Amino acid sequence: MDSFSESYAEARGKFLAAALDAGAHLHSHGRDDLKGSAGEPLACDVAILGPENAPRAALAITGTHGIEGFTGSAVLHRWLASRRGGAQRDDVKIVLVHAINPWAFSHKTRTTENNVDLNRNFIRDNVGYQRENPAYDALAPFLHIDPSDARRSLAAYRAYKRYLDQHGWHLENEMLEGQYHHPDGLFYAGKEPEWSNRLFRRILAEHLAQASTVGFVDWHTGVGSFGEVVYLITGDKGSPDYTTAARWWNCEEDKTSAFKSGATPKYRGLLSQAIRQELPNARVAGGVVEFGTADEYSIMRGDCLDRWARFEGRNDPNVARFQDAYKDIMCPPDLSWRRMVLDEGPAIMDKLIAGVASW
Ligand SMILES: [Zn+2]
């Protein structure tokens, strides 16, 4: 069966069926206050495999950025299908979090129902949502555009590049790190913990409190070239945790950065930072794994399309077609790309679990 889906509801159905076939225990966290884009119920589903009280655990998260859940869900589905009816490990508890941001997954958008970028919302101890981001303020005129005509997208992108060539590409990284003053903008960190943030902390407390060793992967798309796998490992380069995860995935080599400034942005409020906050007594290693989908211009055009579809363009009669265009940028229909994801993704899961078992 094809592991990729066309809708959140289809992806959810496949995940639940594959998890049951693999012998998983399921916990569903419904969003009773909101509906999906087709009126369907929304939930974040957690599948547990292996011994409940194992001191070692592997955690996989999908849909932190809703639209990217289409790919993460396909990876989990393919990985679970390979486990169908098979024996489970007796030394590692496996926790699979499907659609931590279900509203955004269903509505084919990056951010939560409040336009909050969930991966900027995990501010430490939930305080400090008030920082300035002058780089974002400076770049906003190139981002808050109407991209419903390709000529406007191209003109905005060229002006954006000229601005950064003049003022420095480090501003792009600073823009990406999160902003607090444009609720209708990109990379908006929000004002308080989102539903998905509170739920993720609860999932950690309920299912991982027993673990003293935790390895994790948060599945994303959009960073890197089409067909490339980019590992954004959590922690400082050279630290024991960083080195551990890099060894699991054999990505210790210092590759050319996927970011044009040459450095990885210093993101604040990442979901992965909550794992250490909530499990202070565990040793934790892992990271975001990105499948690259397109060139920089296409990604920026997609982000602008997504933003516009949520605000100025929301009543446009063709808004659904623009949302589909965004989905195709973030989860390409190209068969060669999907084959790569379904080969690499489950293998990365297996390396994570083997790594946790032998750490
Ligand atoms: Zn992402």
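Buried means under 20% relative accessible area, and that cut-off is handy for every view below of this predicted model.

**View 1. The zinc ion is held by two histidines and a glutamate.** If you look at the geometry, the angles among the four donor atoms run from 54 to 141°, and the site is irregular. Along the chain, the donor residues follow the spacing H-x2-E-x151-H. Glu68 and His220 therefore bring together distant parts of the chain, 152 residues apart: Glu68 belongs to the loop between S3 and H2, and His220 to strand S5 (residues 213–221).

**View 2. Thr62 sits in the loop between strand S3 (56–61) and helix H2 (69–81).** With a relative accessible area of 0%, Thr62 is buried. A polar atom of the Thr62 side chain lies 3.0 Å from the backbone nitrogen of Ala99. Beyond the neighbours within four places in sequence, Thr62 is in contact with Gly72, Ser73, Leu76, Val97, His98, Ala99, Ile100 and Trp219.

**View 3. Met349 is among the residues with the most contacts inside the largest nonpolar core.** This core has 58 residues, and Leu80, Leu96, Trp219 and Trp249 join Met349 in that group. Helix H12 (residues 335–358) gives the most to the core, with nine residues. Zoom in on Met349 and, not counting residues up to four places away in sequence, you will find that it touches Ala60, Val75, Leu76, Trp79, Leu96, Val217 and Trp219. A second, separate core has 27 residues, including Leu139, Ala140, Leu186 and Val230. For background, nonpolar side chains in soluble globular proteins tend to be buried together.

**View 4. Helix H7 (residues 195–208) is largely enclosed by the rest of the structure.** The helix has 14 residues and spans 19 Å from its first C-alpha to its last, close to the 20 Å expected at 1.5 Å a residue. Ten of the 14 residues are buried, which is why H7 counts as largely enclosed. Those buried residues are Trp195, Ser196, Asn197, Leu199, Phe200, Arg201, Ile203, Leu204, His207 and Leu208. Their cover includes strand S1 (25–35), strand S2 (41–49), S3, strand S4 (93–98), H3 and H9.

**View 5. Lys108 and Asn115 each have a positive phi.** Most residues other than glycine have a negative phi. Here, phi of Lys108 is near 50°, and phi of Asn115 is near 60°. Lys108 is found in the loop between helix H3 (102–106) and helix H4 (134–143), and Asn115 also lies in the loop between H3 and H4. Asn115 counts as buried, at 5% relative accessibility.

**View 6. Pro265 is placed in the loop between helix H8 (240–248) and helix H9 (271–278).** At 6% relative accessibility, Pro265 counts as buried. Setting aside neighbours within four places in sequence, Pro265 is in contact with Asn173, Leu176, Glu177 and Phe259. For a sense of scale, Pro265 and Gly345 are 80 residues apart in sequence, and their C-alpha atoms are 24 Å apart in space.

Technical notes: Residues numbered from 1 in each chain as written. Predicted model: local features only at pLDDT ≥ 70, side-chain atom pairs only at ≥ 80, totals over all residues. Heavy atoms only, no water. Core = buried A, V, L, I, M, F, W, Y, C linked by side-chain atoms within 4.5 Å. Buried < 20%, exposed > 50% of the residue type's maximum accessible area, 1.4 Å probe, protein only. Helix = DSSP H or I, 4+ residues; strand = E, 2+ residues; numbered from the N terminus. Contact = heavy atoms within 4.5 Å. Polar contact = N/O pair within 3.5 Å; in protein donor to acceptor, adjacent residues only side chain to side chain. Donors = N, O, S within 2.8 Å, 3.2 Å for Na, K, Ca; no water. Tetrahedral: all angles 85-135°; square planar, octahedral: opposite > 155°, others 65-115°. Expected span 1.5 Å × (residues − 1).
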